[in-house]
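User: I would like a close look at one helix pair and its surroundings. Please keep it brisk and give the cut-offs.

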Amino acid sequence: MIELKNVSYTYASEKDPCLKDISIRAENGKITLCTGVSGCGKSTLIRLMNGLAPHYFGGKVEGDVLIDGVNASMMSLNEHSTSVGSLFQEPERQFFALNVEDEIAFALEWQGIKRDEIKKRVNRVISLFNLGDVRNNPIDALSEGQKQKVGLASIVALGVKNIILDEPTANLDVESTSELASILNDLKEQGYCIFIVDHRLYYLSEYADSVIVMSNGSVCKEGGFEILTDEIVKDFGLRKASVPDRRDQLKRADRSKDSVVRTEDLTFYYQEGKSIFDNLNISFPKGIHVLLGKNGVGKTTLCRLIFGLEKQKGGRVVFDESYTGNPLAFGSIVLQNTDYQLNMRTVYDELESCFYLAGIKDSKDKVDNMLKKLDLSLYANRHPQSLSGGQKQRLVIGMAMCKNPKIIILDEPTSGLDGRNMRIIKDMLKDYAQQGNCVVIITHDLELVDDDSFDAIEIGQ
Amino acid sequence: MLASLTVRNSYLHSFNVKSKMFLSIACSITALTLSSFYPLCLLFVLTISYAMLMKRYRVLMVSYFFMALVMAISYMCIGVIALYIPQVKESAQLSLMSVPFLRGACVMNAVLPLTLTIRVQDLLTTLSNMHLPFIIYLPGAVMIRFVPAFIKDIKQIFEAMKIRGFEFTLKNILFHPVLLIRMSFSPLVFMSLRSSEDLGIACELKGIGNNSQVNMKKQSLHTKDYALMSIALIVCIVCICMQYKLTGTLIKMAGHP
């Protein structure tokens with residue numbers, strides 16, 4: 001059980017507290033869901049619960065943090081780590097070992113447990129989380145869902161009863177999200193205390209026992225899942241509490257229309273021999289499309305092939321008006337992980353450099369207009385890496401639009417974003433498509449695709 | 001696409017971490033000791049043959065590209081300085097200037113296979129058994145674990161530059177060096193900081209240093225490990241003897257015949 005009593009926390013580098021007078025309780029055998037817009041203090045709350053604050057991040061804590069009834073101020077970080085397990089949005093970045101079995105065993109090997117017992121526990125969780133097939137696989141060859149499972153398995157193997165999850169579904173597809181929810185429910189029934197911080201809410205509608213809504217470092221609403229009414233969702237910029245899966249009902253794109261880009265007998269396979277496309281013929285007309293297909297069918301690979309980021313083994317990619325130049329001058333692709341794409345000193349410079357590389361030398365007005373469109377005018381002189389997740393995502397989409405591409409492909413543009421930012425990005429993309437361009441979205445975000453103006457293009461049928 | 005970035009089954013994976021560590025240390029010390037061109041060339045040829053056994057040709061190519069780039073820049077700078085200070089001209093010979101780079105390349109050839117073909121836990125156990133203080137061996141292990149993350153970061157940054165319309169080409173190196181440095185190194189610094197912090201947090205949350213350490217997999221040296229260590233030792237001795245034969249001394253300062 002994790003309990004916070006009148007807790008306030010101030011980072012060492014800041015004057016004002018990041019968390020103000022928080023009193024919450026996450027009980028054993030229950031799932032507690034915490035949500036709120038980006039920057040409201042959810043991550044700091046997690047750091048207090050797992051001991052990283054103040055042990056790792058420093059700062060000043062007021063009030064009491066109790067872990068299984070023991071005051072956390074009396075515990076070292078090592079002791080804390082044996083009582084609370086944390087799983088992060090990108091578990092891969094927290095993995096220390098390089099393959100599945102080693103990663104699960106890694107923390108156990110540091111607990112002074114005997115070799116036979118380690119093997120027994122590793123075997124038990126591998127079976128419990130159905131990881132037998134990937135037991136010896138390298139971590140970076142796993143799907144996001146499998147990585148989450150490995151992270152959870154290593155926590156459960158430790159015998160830790162308090163589990164904290166930070167945006168666990170941000171990178172998961174719909175099916176993996178349901179599977180994760182079901183695993184969490186099983187753990188809950190086994191008496192684990194599960195504390196989840198997430199923007200996506202719908203998948204816990206049947207499982208969450210209590211919900212906490214945060215805003216500006218404070219708890220604003222607390223209660224059962226039913227408190228997440230449309231009004232609360234709107235007022236606090238949250239994601240919807242109930243989201244229908246409309247993927248099958250989306251109208252199919254009219255492929256008889258003139259295509260912006262199409263593939264002719266596209267063939268691709270990896271060096272290991274696994275065939276991804278065999279004579280694929282697909283076309284992308286103007287409008288806004290969601291690229292559908294089962295996991296591993298090659299949605300991202302197709303987009304990379306279109307822009308020459310992977311080399312096809314056969315067939316060809318044909319652009320509108322028999323364009324034969326660099327594909328990346330005709331269209332653009334926005335990949336996940338914005339941090340790799342932000343290089344300049346200010347947000348303004350970032351956009352200006354994109355216009356410059358697109359051949360537009362005098363771009364002051366254009367940069368100003370783009371900043372306005374992205375709702376980032378106030379942040380023009382900020383360092384891009386200091387922006388919030390939603391702001392960074394808007395910026396990289398704006399950067400892709402600077403060269404006025406005829407087609408723009410986006411890979412999971414709304415993962416990890418709160419409801420407000422998700423809706424801003426959705427509107428931006430719809431506007432761009434309405435200007436006669438082609439927008440293709442690869443997404444697992446059911447809330448993003450819940451829109452009549454989207455149509456679907458399916459691969460791997 | 002990114003599959004198996006860090007773990008692949010090559011012949012080197014089957015060697016014990018201790019033998020690879022011995023080879024890395026022996027070759028690194030020898031490389032630092034050598035200062036004659038030909039013994040270093042010999043060591044370089046043998047260590048690169050060893051590094052190629054891990055079958056990570058692209059990683060090696062990228063590493064060598066950067067090393068060659070740094071060498072070319074320093075050679076150009078020395079050339080410019082020599083125009084104004086003629087005394088520098090003597091040390092601007094390619095064979096002399098290549099000595100520090102050959103040393104670096106030998107160390108890189110010996111260390112890369114260590115970082116890319118081991119179990120992290122095996123390394124930690126080995127370092128721990130050497131009775132090194134925790135404060136020394138943990139950062140060392142984090143640094144070694146950091147290499148695969150760093151390689152992945154570089155790959156993604158280059159891809160992001162390409163998408164933006166600015167590639168790592170000779171033309172851009174010559175005409176837009178500032179923009180090139182900004183676009184390649186700025187995200188690399190941020191991502192490296194993030195990776196190192198993430199790994200530091202991972203160490204803390206996994207309770208590393210908590211208790212005595214147990215390795216799930218038994219480690220023992222086999223015949224081939226002894227063979228590898230013996231070959232490494234012989235190569236180092238041969239290189240040092242070669243330097244002695246050529247210069248009449250074991251340690252010679254570069255640039256001083």
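Is the crossing of α2(B) and α4(B) left-handed or right-handed?

Analyst: The crossing of α2(B) and α4(B) is left-handed. That term applies if the near helix is turned anticlockwise from the far one by less than a right angle; clockwise is right-handed. This is a predicted model, where local features need pLDDT of at least 70 and side-chain atom pairs count only at pLDDT 80 or more, while totals for chains, interfaces and linings use all residues. Residues are numbered from 1 along each chain as its sequence is written, with chains lettered from A and ligands numbered from 1 in the order in which they are written.

First, the geometry. Helix α2 of chain B covers residues 37–52, and α4(B) covers 94–116. Helices are DSSP runs (H or I, at least four residues), numbered from the N terminus. The two axes come within 9 Å and cross at roughly 25°. α2(B) is therefore roughly parallel to α4(B) (angles under 35 degrees count as such). Axes are lines fitted to C-alpha atoms over the stretch in contact, and angles run from 0 to 180 degrees between N-to-C directions.

Next, the residues that meet. On α2(B) they include Phe37(B), Leu40(B), Leu43(B), Phe44(B) and Ile48(B). On α4(B) they include Val99(B), Leu102(B), Cys106(B), Asn109(B) and Pro113(B). Contact means C-beta atoms, placed from the backbone, within 7 Å.

Now the core. The largest nonpolar core has 116 residues, and Leu43(B) and Cys106(B) are among those with the most contacts inside it. α4(B) gives the most to this core, with 8 residues. Domain 1 (1–117 + 225–257) and domain 2 (119–220) of chain B both contribute, so the core lies between them. The bounds come from an automatic or database domain assignment. A nonpolar core is a set of buried Ala, Val, Leu, Ile, Met, Phe, Trp, Tyr and Cys residues joined through C-beta atoms within 7 Å. Buried means that 20 or more other C-beta atoms lie within 10 Å of a residue's own.

Chain A takes part too: Met49(A) and Phe195(A) are also among the core residues with the most contacts. Met49(A) touches Ile2(A), Val65(A), Val84(A), Ile164(A) and Phe195(A), not counting residues up to four places away in sequence.

Last, the domain boundary. In chain B, 11 residues of domain 1 are in contact with 10 residues of domain 2. On the domain 1 side, α1 (17–33), α3 (57–84) and α4 give two or more residues. α1(B) gives the most there, with 3 residues.

Definitions and conventions
Buried ≥ 20, exposed ≤ 12 C-beta atoms within 10 Å, placed from the backbone. Contact = placed C-beta atoms within 7 Å. Parallel < 35°, antiparallel > 145°, perpendicular 65-115°, else oblique.
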